[in-house]
Amino acid sequence: MPGPTNGRKRNQNKRQKKLLKEIAALSQSVSQNAPAPVELDTAHADQSHEQDNADSTLEQGGEPVFESSSGVESRWNGPRVMDIPAFLDSKYATPPSLDDPICAEYNSRAIKEALRKNLPLEIALILWYNRSRAKARICPSCHRFYNIDEPLAAHVQGNTQEVEDMEDPRNQSEKEITGICSLLCFGIVSYSWPGCIGAWGKRYPDIDERTRAKLNKRVEPEPNEEGLGVFLRISRMADEDLLPVLQSMYDSGVNMYSN
Ligand SMILES: [Zn+2]
């Protein structure tokens with residue numbers, strides 16, 4: 001029966017179909033350069049671990065040393081996740097925030113499977129981790145793992161511009177939305193989508209039209225970009241848009257890699 005509710009529903013379905021098509025186009029272009037997906041060990045991802053980095057690291061000459069099986073190594077200016085599946089199975093990973101309804105929804109098997117099938121494994125796991133945790137994040141570019149409430153060190157010590165950028169409110173917002181930890185890392189993630197600086201720190205609906213057009217423009221991704229371009233786009237989609245798209249991908253068995 002026609003009515004405002006049905007109209008809203010139709011619009012929502014239309015929007016979802018459009019987004020699904022856009023993601024499909026982006027994912028297909030990425031998949032040409034991406035490695036074949038590896039089976040996601042969802043059992044690992046579901047495990048709850050007590051995060052207690054202070055107790056679980058050993059100090060060696062002032063440098064923290066992480067258990068080698070954790071996939072974490074001390075590099076550059078701090079610990080980095082070098083093996084995402086191993087990290088998720090380690091005690092350093094923060095458990096999903098099941099008391100947060102949105103995080104709990106992202107923690108479902110359907111959502112994880114949809115991400116796994118449509119993105120390279122590593123970037124799928126990072127997107128899943130960042131959306132299913134309230135405050136814990138992994139930066140998709142430099143792979144440092146952190147809590148959004150804690151200040152982060154600049155990548156280049158003594159670089160005053162980077163320190164200024166880190167203090168910009170847009171940086172905090174970007175960390176919350178996507179997990180990208182700095183403007184420097186945003187630049188690396190958006191390398192294949194030039195001119196998208198206006199998207200920094202913003203969810204998709206808040207991005208100005210000019211930047212949005214650039215973000216939506218289909219470009220050939222750089223070799224070995226490992227899905228970062230798709231991450232740039234879909235990681236800033238609002239939950240009410242992204243969740244149904246991923247759910248419908250799961251329901252319809254859409255798998256971009258097999259196309
Ligand atoms: Zn980073």
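At what angle do the axes of α6 and helix α13 cross, and within what distance do they come? I will answer that after some background.

This is a predicted model, in which local features need pLDDT of at least 70 and side-chain atom pairs count only at pLDDT 80 or more, while totals for chains, interfaces and linings use all residues. Residues are numbered from 1 along each chain as its sequence is written.

Confidence, then. The protein chain has an average pLDDT of 78 (the predictor's confidence in each residue, from 0 to 100), and 70% of the residues score at least 70. The lowest confidence in the chain is in helix α2, residues 42-46, with a mean of 37, and the highest is in strand β5, residues 136-138, at 97. Residues 26-56 have pLDDT below 50, and that stretch makes 55 contacts in the model beyond near neighbours in sequence. A contact here means two residues whose C-beta atoms, placed from the backbone, lie within 7 Å.

Overall, the chain has 13 helices and six strands. These are DSSP runs numbered from the N terminus: H or I of at least four residues for helices, E of at least two for strands. Of the 259 residues, 37% are buried, that is, with 20 or more other C-beta atoms within 10 Å of their own, again placed from the backbone. Of the contacts with a separation of 6 or more, 65% are between residues 24 or more positions apart.

Now the opening question. The axes of α6 and α13 (residues 239-252) come within 8 Å and cross at roughly 80°. Axes are lines fitted to C-alpha atoms, for helices over the stretch in contact, with angles from 0 to 180 degrees between N-to-C directions. The two helices are therefore roughly perpendicular, a label for angles of 65 to 115 degrees. On the α6 side the residues include Ala110, Ile111 and Leu115, and on the α13 side Leu243, Leu246 and Tyr250 are among them. By class, this contact has eight nonpolar residues, two polar and one charged. Nonpolar means Ala, Val, Leu, Ile, Met, Phe, Trp, Tyr, Cys and Pro; charged means Asp, Glu, Lys and Arg; the others, Gly among them, are polar.

Helix α6 (residues 109-118) also packs on α7 (residues 121-132), at about 150° with axes 8 Å apart. That pair is therefore roughly antiparallel, the term for angles over 145 degrees. Lys112, Leu115 and Arg116 of α6 make the contact with Leu121, Ala124, Leu127 and Trp128 of α7. Five of these residues are nonpolar, none polar and two charged.

How values were computed
Parallel < 35°, antiparallel > 145°, perpendicular 65-115°, else oblique. Buried ≥ 20, exposed ≤ 12 C-beta atoms within 10 Å, placed from the backbone.
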